[in-house]
Amino acid sequence: MAHLPSEVYLSSTFMHSGNISPSTPKLQLQLSIPIPVRDPNYYIPDGNTVLLVENTLFKVHRSTLTKDKSTFDSMFSLDSDLRSNASSSTVTVGPEGESDDNPIRLQGDTADEFRALLWAMYALPPEFDQAQISQRANILQLFHLARITHKYEYRSLQEWALNMLATYYTTRTNSASTEDSREPSLVQITELASLCERRDLLEAASMRWKRLLASKKDVALAIGVAERHNLQSLLGLAYHTMMLQGREQWDADLLLTRAQRIRLLSGHYSLGRFWERLPNEPPTLTHSPRCVGGGQVRCNQAWAALWRSILDMGRQVLPLQYADVLGKVMLAESVIRALVDRDIPTQGLLDGMPWCKDNAVLATAGKVKEIQETLADYFTDVA
């Protein structure tokens with residue numbers, strides 16, 4: 001087993017007096033090693049295995065830890081083999097896990113995580129029911145449980161914890177995204193979802209990130225998280241949001257790396273080039289069955305003219321930043337929808353496409369979605 005991590009504090013004080021030569025200082029050494037403490041709930045008197053996690057001792061039943069064919073099952077099987085070999089040797093130290101003086105040391109876990117695991121292993125059915133009723137009060141415990149069950153391969157418990165988390169975050173996608181001490185951070189939830197490959201939980205976390213970006217909060221943090229976990233949709237939106245804040249903000253944000261600032265410059269240039277082409281590249285229009293023959297040619301011409309007019313109109317009515325292609329196309333979608341619904345005067349713009357007006361809205365919405373999904377591609381290291 002691994003060695004116990006301990007913190008050692010060493011301080012020296014040189015004291016001098018009038019009767020002591022400065023060349024003969026008095027060195028005082030103070031050595032302090034934290035003493036492990038027993039967990040108040042999970043140091044079970046009739047348990048047969050002692051484990052040390054951080055600075056907390058747990059005493060539990062080995063048979064409980066070996067449920068669900070976890071890593072502990074193979075760990076204890078190996079330990080039994082080592083005990084058999086040690087029985088014929090002259091070693092006088094008892095096997096690990098039999099006393100507080102020689103516990104099994106678990107590295108890389110926290111006491112809270114291991115406590116959450118033991119809660120799940122020893123909980124009665126009513127406790128699980130209560131956990132489902134009061135998810136908010138137990139959300140941090142569920143997070144700890146999901147992490148440690150993933151590490152030690154408790155498959156059924158991991159699935160249960162992740163399902164609970166996914167339900168909680170999915171049903172609360174429209175709630176506030178402020179940090180709560182009773183919940184893991186959004187970064188932690190995103191990392192857990194990525195680690196366990198839970199798409200539903202990852203999508204719920206991404207929705208929260210996007211609400212933060214809409215408020216221009218934690219933008220650089222979102223860029224870093226999206227890059228680490230290859231979340232392309234979130235990455236593109238985060239870079240786009242940061243780009244619109246301007247060069248002064250990029251330089252002031254200490255979380256941004258030099259490489260990320262280069263990508264922002266590249267994205268600004270590439271999206272600007274894209275905008276120059278866009279008015280002459282209308283999205284493909286799907287024609288109505290009633291639009292046949294030469295009517296489709298006239299319809300395509302009318303659609304191209306409408307597309308150019310709307311983009312120019314948007315630039316004049318509501319000026320947006322030069323490289324804000326996403327904002328401009330979203331504005332175009334709103335205007336075209338308003339024209340089709342006759343919320344604003346059509347001024348003859350739809351006369352050349354009488355049967356395909358609704359399809360023009362769908363084509364523009366498809367273009368918005370396409371740009372959103374490919375935004376990250378513009379923010380590369382080389383323009």
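**Entry 1**

I began with Glu 333, which is buried at a relative accessible area of 18%, where buried means under 20% relative accessible area, exposed over 50% and partly exposed in between, with a 1.4 Å probe and protein chains only. This is a predicted model, in which local features need pLDDT of at least 70 and side-chain atom pairs count only at pLDDT 80 or more, while totals for chains, interfaces and linings use all residues. I also noted that residues are numbered from 1 along each chain as its sequence is written, and that side-chain values use heavy atoms, with hydrogens and water left out.

Which side chain meets Glu 333 in a salt bridge? I found Arg 337, at 3.2 Å from N to O; a salt bridge is a side-chain nitrogen of Lys or Arg within 4 Å of a carboxyl oxygen of Asp or Glu. Helices here are DSSP runs of H or I with at least four residues, and strands are runs of E with at least two, numbered from the N terminus. Arg 337 counts as partly exposed, at 37% relative accessibility.

**Entry 2: the chain as a whole**

I looked up the totals next and found 15 helices and 6 strands in the chain, with buried residues making up 43% of its 383 residues. Taking contacts (heavy atoms within 4.5 Å) between residues at least 6 apart in sequence, I noted that 63% join residues at least 24 apart.

**Entry 3: salt bridges between separate parts**

I read that the structure holds 17 salt bridges. One of them joins Arg 198 and Glu 159, whose closest N and O atoms are 3.4 Å apart. Arg 198 lies in the loop between helix 7 (186-195) and helix 8 (199-214), and Glu 159 lies in helix 6, so the pair ties together parts that are 39 residues apart in sequence. Arg 198 counts as buried at 12% relative accessibility, whereas Glu 159 is partly exposed at 41%.

I then turned to Glu 227 and Arg 263, whose side chains meet in a salt bridge at 2.9 Å, N to O. This pair links distant parts of the chain, with Glu 227 in helix 9 and Arg 263 in helix 12 (residues 258-277), 36 residues apart. Is Arg 263 buried or exposed? I found that Arg 263 counts as buried at 18% relative accessibility, while Glu 227 is partly exposed at 29%. I also noted a network of salt bridges that links Asp 39, Asp 112 and Arg 115.

**Entry 4: the nonpolar core**

In soluble globular proteins, nonpolar side chains tend to be buried together. A nonpolar core is a set of buried Ala, Val, Leu, Ile, Met, Phe, Trp, Tyr and Cys residues joined through side-chain atoms within 4.5 Å. The largest one here has 100 residues, and among those that touch the most other members I noted Leu 65, Phe 72, Phe 114 and Trp 303. Helix 6 gives the most to this core, with 9 residues. Not counting residues up to four places away in sequence, Phe 114 touches several residues, including Leu 51, Val 53, Phe 58 and Ile 148.

**Entry 5: two loop residues**

Lastly I checked Glu 153, found in the loop between helix 5 (135-151) and helix 6 (155-171), where its phi is near 60 degrees, a positive value in a residue other than glycine. Asn 230, in the loop between helix 9 (219-228) and helix 10 (232-245), has a positive phi near 55 degrees. Glu 153 is partly exposed at 34%, and Asn 230 is exposed at 54%.
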